[in-house]
Amino acid sequence: MAVELKIGDYVAGKKFASLEHDFKGEIEKVYENSVLILIKEFQKADEPIVNEYNHRAVVRKDEAKLIKAAPKVEVAPEKED
């Protein structure tokens, strides 16, 4: 069973297209079969490409490896007056 990815999760992504190395980052948006990752850690050699991609990459869910899950936010129940 696959891990359910969500916004705020820190994941590792595999190299693709012009990126020569794997990278790590935070999920900004979750789509049906993919996620939008804000790239935060990458190899210096990939810096021009990461900048060209505006530090973002769309990766298939099954190719994104969860490193650290986002903290769960507890919603306080609303008070009734």
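Setting aside residues up to four places away in sequence, Phe23 touches Val11, Ala12, Gly13, Lys14, Phe16, Ile37, Ile39, Glu41, Phe42, Ala57 and Val59, where contact means heavy atoms within 4.5 Å. The model is predicted, so local features need pLDDT of at least 70 and side-chain atom pairs count only at pLDDT 80 or more, while totals for chains, interfaces and linings use all residues. Residues are numbered from 1 along each chain as its sequence is written, and side-chain values use heavy atoms, with hydrogens and water left out.

Phe23 is also among the residues with the most contacts inside the largest nonpolar core, together with Leu5, Val11, Val35, Ile37, Val59 and Ala64; this core has 13 residues. A nonpolar core is a set of buried Ala, Val, Leu, Ile, Met, Phe, Trp, Tyr and Cys residues joined through side-chain atoms within 4.5 Å. At least two core residues come from each of strand 2 (23-30), strand 3 (34-41), helix 1 (47-52) and strand 4 (56-60). Strand 3 gives the most, with three residues. In soluble globular proteins, nonpolar side chains tend to be buried together.

| Residue | Relative accessible area | Contacts beyond four places in sequence |
|---|---|---|
| Ser34 | 16% | Val58, Val59, Arg60, Lys61 |
| Glu41 | 39% | Tyr10, Phe23, Lys24 |

Ser34, in strand 3, counts as buried because its relative accessibility is 16%; buried means under 20% relative accessible area, exposed over 50%, and partly exposed in between (1.4 Å probe, protein chains only). Glu41, also found in strand 3, is partly exposed because its relative accessible area is 39%. The C-alpha atoms of Glu41 and Phe16 lie 15 Å apart in space, with the two residues 25 apart in sequence.

Along the sequence, the chain follows the pattern β-β-β-α-β-β, with one helix and five strands. These elements are DSSP runs numbered from the N terminus: helices (H or I, at least four residues) and strands (E, at least two). The chain has a radius of gyration of 15 Å, whereas a compact globule of 81 residues would have one near 12 Å; the value is taken over C-alpha atoms, and the globule rule is 2.2 Å times the number of residues to the power 0.38. Along the principal axes, the C-alpha atoms fill a box of roughly 60 × 30 × 20 Å. Of the 81 residues, 27% are buried. Among contacts between residues at least 6 apart in sequence, 47% join residues at least 24 apart.
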